Amino acid sequence: MRSFAYVRPPDVAAAVRAVAAEPDAKFLGGGTNLVDLMREGIERPGTVVDVTGLPLQQIEELPGGGVRIGALVRNSSLAAHRLIRTRYPMLAQAILSGASAQLRNMATVGGNLLQRTRCLYFYDGAAACNKREPGAGCAARDGFHRGGAILGASGACVATHPSDMCVALAALDAVVEAESVRGVRRIPLAGFHRLPGDTPHIETELAADELITAVELPASPVAAHSRYRKVRDRASYAFALVSVAAALEVRHGAVTGVRLALGGVAAKPWRASKAEQALLGAPATEESFRHAAEIELAPAEGLPGNAFKIELARRTIVATLRQVLTQGGAA
Amino acid sequence: MPAVLLRVNGTTHELDLEPQVSLLDALREHLGLTGTKKGCDQGACGACTVLADGVRVNACLALAVQYEGREITTIEGVASPLQAAFVAHDGFQCGYCTSGQICSAIGMLAEHGDDVPSAVTEHLAAGGVELTDAEIRERMSGNLCRCGAYNGIVAAIKEVAGADAAARVPAEAAR
Ligand SMILES: Cc1cc2nc3c(=O)[nH]c(=O)nc-3n(C[C@H](O)[C@H](O)[C@H](O)COP(=O)(O)OP(=O)(O)OC[C@H]3O[C@@H](n4cnc5c(N)ncnc54)[C@H](O)[C@@H]3O)c2cc1C
Ligand code: SF4
Ligand code: FES
Ligand code: FES
């Protein structure tokens, strides 16, 4: 690992100043992604600004029923919190289905949002990877791309965003709050992560010197009836091939509220807006669910090693909606 | 080199460590506490599991400097009925994963006591989840065992969890 300076600023203002002052400085959360990537030589910060001591550790109820989550809340604490388990069960389930208990105890909310792809070639310094080295090519396209994207990919990159938590946040209309020496701004999660286009190395709207300070969830009665379902190569401790976060509200047999997002399919958590539109007002039936899934996946494109995920995504959407319909939410 | 104050198994050590040294390497290479194992060095196996203020973490992805001021417990500092239960139930074969399994199980039982749910918990809003085999397997999934001693590991943990629960009932009734 390249040697670096380690600093532990006392407050948010000092933390953002420390990163603004050094072009190759990075914030450090739980370290479960950054330390790994530094050991592999993929990330090479000259200064590491440890933010885990900052007072951004609260989960607070907002007037009106929403929730504000400090960026340094550990993933495990968020999933275990009563407000999240009862009002946003899809979020608790999404977090609990990610990584392992040890890693969730370490990982922070801010770090989870900014974790980088698990594409094998991104991790392999000897392989061609446009995300690591713009213009180098993409070894995944003709190589191993089982985990690769089926929606929103480009010729330059077919990587997926690996977070489970972010899939639920996308479905819940979460807003990310960020602070830098220039001030505070709010970025809707739906627009936080970017699709690769010709610039797969630019992954989010966040500037390098911006500190994520909080994530806010608006009040959402429909979210109380929600679930997260993750399909993967083994039952636990594996990244998603496909995952679905779904909330559903049904009155007199018709869909009156729905939130749907997909994981494992794109470089960003994929809000399934087209499927939601198709479902609103439709009868809450298997046929409607399948129809909505087909509309959402219509633009999907697979490579030889991941085309199976297109049908897998459709079926997982149907299965998750069916489960919420027949068994209710996970609360 | 900066001095790092690490508190391990009740003793404070002043170590000269570069910031890139992991907690795992600090324990093994600098303190000679080789009970904590290095399997993958990437967070993917759990062999390096230790407790930080009673919370289980992967020491391989932890920078030692980040854990200054925390109370670190390694297998060398553990005296738990889990150890005898692992022996009684054949919860290991080669033993490489065992120190991580035991530290992890201690953390897991504490999490369960704090009402932390898991991905297989049926009703997230309900408290008092029973530690079934399925719950134990999911909660322990961050610890791989290449020898596949999982059945013995689950049996050992179940026995200790059951004894804990039995001990808690009279204590609570006496209050
Ligand atoms: C073996 C393994 C399996 C895993 N499996 C899963 C899985 O199944 N599902 C899943 O979702 N995740 C999984 N993960 C990933 C894990 O969830 C992430 O590593 C974790 O959420 C990152 O959080 P952190 O606090 O440790 O981030 P760090 O590693 O500390 O940081 C990650 C990035 O975020 C930046 N950063 C951190 N905090 C802030 C902040 N407040 N503001 C601005 N920038 C910040 C850092 O500079 C760095 O670039 C797995 C990880 C491992 C090692
Ligand atoms: S898919 Fe993206 S991350 Fe993977 S090798 Fe290609 S460019 Fe790199
Ligand atoms: S050595 Fe730390 S998880 Fe494998
Ligand atoms: S006992 Fe050999 S790895 Fe678990």
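Ala, Val, Leu, Ile, Met, Phe, Trp, Tyr, Cys and Pro count as nonpolar, Asp, Glu, Lys and Arg as charged, and the others, Gly among them, as polar. By that scheme, the shell around ligand 2 holds 12 nonpolar, one polar and one charged residues. This is a predicted model, where local features need pLDDT of at least 70 and side-chain atom pairs count only at pLDDT 80 or more, while totals for chains, interfaces and linings use all residues. Residues are numbered from 1 along each chain as its sequence is written, chains are lettered from A and ligands numbered from 1 in the order in which they are written, and side-chain values use heavy atoms, without hydrogens and water.

There are 14 residues around ligand 2, each with a heavy atom within 4 Å of it. A:Cys119, A:Cys129, A:Cys138, A:Cys157 and A:Val158 come nearest.

In chain B, the contact (heavy atoms within 4.5 Å) takes 17 residues from domain 1 and 16 residues from domain 2.

What joins the side chains of B:Arg56 and B:Glu111? They meet in a salt bridge, 2.7 Å from N to O. The rule asks for a side-chain nitrogen of Lys or Arg within 4 Å of a carboxyl oxygen of Asp or Glu. Across the interface of the two chain B domains, it finds one salt bridge.
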